[in-house]
Amino acid sequence: MGLTEIDLHKELKRYFGFSQFKGLQEEVITSIVKGNDTFVVMPTGGGKSLCYQLPALISDGTAIVVSPLIALMKNQVDAIRSISSEHGVAHVLNSSLNKTEVNQVKSDIQNGICKLLYVAPESLTKEDYVDFLKNQTIAFLAVDEAHCISEWGHDFRPEYRNLRHILKRIGDNIPIIGLTATATPKVQEDILKNLGITDAKTFKASFNRPNLYYEVRPKTKNIEADITRFVKQNDGKSGIIYCLSRKKVEELAQTLQVNGIKAVPYHAGLDAKTRSRHQDMFLMEDIDVVVATIAFGMGIDKPDVRFVIHHDIPKSIESYYQETGRAGRDGGEGHCLAFYSYKDIEKLEKFMSGKPVAEQEIGHALLQEVVAYAETSVSRRKFILHYFGEEFDSETGEGASMDDNVRNPKKQHEAKDDAEL
Ligand code: ADP
Ligand code: MG
C-alpha cells in the first residue's frame, strides 16, 4: 500500500480528534495498512470500529464493511460523515436505496470518494453488486461482529458463512479483517476457518473488567421485592434489568414504578416510537432504570450504567458478559447481579426443544457453562476469563476482590440451598 511513512497519530487526530490510540488499535491498524489478513478480538467498547475506519480513510479505494444490523451501519455512517467534510466518504448499500441512490453510491466508489461501504451480508450476495465491485479498487473487507459466522456465537447468521466465497468473486488477494467481542476459542476457530484466513495477524485484548463486581443470588419467589430493594439502595443510579420475557419486563417495570422508581419497559413488542422514546429517556437520565429483554443494549453507549441485573439467567456466558459489559463503561462502579434458580435452566432447555438437534446440543452445552458459573464457589471473574481462554490470578489479578465468592466465600452453599426451596 506504500503507507508505511504515514504518521498514524496525525491521521487519528485529523479524522477522529483523538490524541491517543486505545489499547491495541495502533498495532491493529499498522497490520491492516500493511495489507495483512487481521483478526481482532476486543471487548465491546474497546474501539474496534476505528481499527478499520482509519485504515479505510487513508487507503486507496473502498473498504467494504460487513455488519449485521442496518441500524448499527447507519450510526457508523453518520458518525463518519460527521468527522469528514467530504460528502460520500461513507455509504450504506442496502435494499432500501432507490435506483438514484444506488447510482450515487456507485459513482462515489468509482471516483474513489467512498472510503467505507457498509453492507449487510445478504446485500453483498446480490449479483449486481458483486459484478460492480469486481471492477473497483477494494482496499479490504472488514467483517464486523464476526462471531455471527459461528453457530457457537451468540448471534449466528448463516449469510455470514458465504463471505469468503463472495469476496473471492470480487477479487483476489483482498485482505480480510475479522473483528469480534466474542472471545471463546471455539468461536474464534470458526471465524478463522470460515473466513479462510490461515495466517491472520491476531490481536486479542484482555476481557477483564476490573471495575465490575460480579454477584449471583438465589432466585426465590421474592425476586421482585429483592430487585426493588436493590434498586432503592442504589437510588438515582442508572441501571438495566434484563428479563427473559416481554411479559415479565412489563410486570417488573410496573412493580418498580409503583414503588416510586423511575423505570420504563423496553422490548421488541413495543412500537418503534415508544422504544426509542424509552431509550432516549434512559440516555438523558429522565429515568433511572430500563427493564428490558435482550432487544435492549446493542449500540447503547451510556458510560455511567451502575448496575445490570439479570432477573433470569442468560443463555450463555458470552451473553452474560455482553449484557453486564454495559455497566461501568466509564471505569466507575458497575454491579452485575444475576438471580439464579435451576428451574430457569430447565425452562430455557424446554424453549430449545423445538429446535434442530445440532442447535439444541450447542444450546445445552452453553447453558451448562452458565450453571457452572452460577454454582461455582471460586472467583467468578476467573471463571469468565477462563471461559474466554484467558488466565487470571484470583489473588493478585486486577479486580480480583470484586466478586461475591471472593468477598464472602461461604455464601454459595447457603445460596444454593435457598434456591431449591
Ligand atoms: P467496539 O466496536 O469495540 O465495541 P467502538 O468502535 O464502538 O467499540 O468504540 C467505542 C467507543 O470508543 C466509541 O465511543 C469511540 O468513539 C471510542 N474510541 C475509539 N477509539 C478511541 C480512541 N483512540 N480514543 C478515544 N476514544 C476512542
Ligand atoms: Mg463494534
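Axes are taken as lines fitted to C-alpha atoms, for helices over the stretch in contact, with angles running from 0 to 180 degrees between N-to-C directions. The structure is a predicted model, in which local features need pLDDT of at least 70 and side-chain atom pairs count only at pLDDT 80 or more, whereas totals for chains, interfaces and linings use all residues. Residues are numbered from 1 along each chain as its sequence is written, and side-chain values use heavy atoms, with hydrogens and water left out.

Helices are DSSP runs (H or I, at least four residues) numbered from the N terminus. The axes of helix 10 (residues 223-233) and helix 11 (residues 246-258) come within 10 Å and cross at roughly 50 degrees. Helix 10 and helix 11 are therefore oblique to each other, given that angles under 35 degrees count as roughly parallel, over 145 as roughly antiparallel, 65 to 115 as roughly perpendicular and the rest as oblique. Their contact (heavy atoms within 4.5 Å) brings Glu224, Ile227, Thr228 and Val231 of helix 10 to Lys248, Glu251, Leu252, Thr255 and Leu256 of helix 11. By class, this contact comprises four nonpolar, two polar and three charged residues, where Ala, Val, Leu, Ile, Met, Phe, Trp, Tyr, Cys and Pro count as nonpolar, Asp, Glu, Lys and Arg as charged, and the others, Gly among them, as polar.

For helix 3 (residues 48-58) and helix 4 (residues 70-83), the axes come within 13 Å and cross at roughly 50 degrees, which makes helix 3 oblique to helix 4. Ser49, Tyr52, Gln53 and Leu57 of helix 3 meet Gln76, Ile80 and Ile83 of helix 4, and the residues of this contact divide into four nonpolar, three polar and no charged.

The lining of the second largest pocket contains ten nonpolar, five polar and two charged residues.

Note on methods: Chains lettered and ligands numbered in written order. Helix = DSSP H or I, 4+ residues; strand = E, 2+ residues; numbered from the N terminus.
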